[in-house]
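Please keep the sequence and the model in view while reading.

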Amino acid sequence: MADKQHDTKELMEFPGFIKRLEDGESFGGDAMEKWYDHWNQIYDKEHALMEYCGPAVVSTKMAQVCPDGSLPVLDCACGTGLIGEAMKSLGFTDITGVDFSQTSVDIASKKGCYKEVIRAECGEKSLPFEDNSFDSVVAISCLGHCHVQPVAIRDWVRVVKPGGVIVFTVRPFYFRDEHEYGKRFNAQIEDLVESGQLRQESKDHISEWWKGTDAYLFVFRVHGRC
């Protein structure tokens, strides 16, 4: 018990980091990458201690909306590969991961759940994939003002085949209009829906995303591009 208490104290960096983000603190790309280089040393263990349910919940949703696990999936901002592992356990066999952090790419690549993991940024720059490359995109716990920007959703539409799905999670304060990020998120979604490129299929509230924290899980169907 003493060892677990020591581990918990040692690994509780994430809540403090999230609080800083919620308070509006900004981190540049280099600073964020350095943070992840440090955080990735304890990332999986810390999330286990936080009772993080994201990979289990999202992989289950993916299996429901993408029942053919042999079809290509892009895991955007894959991190250390937690969602990839969960999806593999449910029969997904063609997962490509992408993340801006080289240490994340290195860790995820060793887990044996990805066909390929590459280093690339998601958001302002287009992803290094051809149009219609995937049948689905999954993006878990990455949308946020210091992480992946809402414009990334438009690029996800580009790389997903018409009829495919985009599955992602967002913390509640990131899609409220009083939050600057929320304004841009809502504007992006509204434009894509009104132009006929996306249709929302579901929005599920996850009350315990990790200890004391909630999130929303969205599923959108891609119809085409203008």
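Which residues have the most contacts inside the largest nonpolar core? They are L143, W156, I166, F168 and F185, in a core of 35 residues. The model is predicted: local features need pLDDT of at least 70, side-chain atom pairs count only at pLDDT 80 or more, and totals for chains, interfaces and linings use all residues. Residues are numbered from 1 along each chain as its sequence is written, and side-chain values use heavy atoms, leaving out hydrogens and water.

**Nonpolar cores**

- A nonpolar core is a set of buried Ala, Val, Leu, Ile, Met, Phe, Trp, Tyr and Cys residues joined through side-chain atoms within 4.5 Å, where buried means under 20% relative accessible area (1.4 Å probe, protein chains only).
- L143 touches, among others, W156, F168 and F185, not counting residues up to four places away in sequence; contact means heavy atoms within 4.5 Å.
- Another core, of 32 residues, lies apart from it and includes M50, C53, C113 and V138.

**Packing of helix 5 and helix 6**

- Helices are DSSP runs (H or I, at least four residues) and strands likewise (E, at least two), numbered from the N terminus.
- Helix 5 (residues 54-65) packs against helix 6 (residues 82-89) at an angle of about 45 degrees, with the axes 9 Å apart.
- P55, V58, S59 and M62 in helix 5 meet L82, I83, A86 and M87 in helix 6.

Key:
Axes fitted to C-alpha atoms, helices over the stretch in contact; angles between N-to-C directions. Buried < 20%, exposed > 50% of the residue type's maximum accessible area, 1.4 Å probe, protein only.
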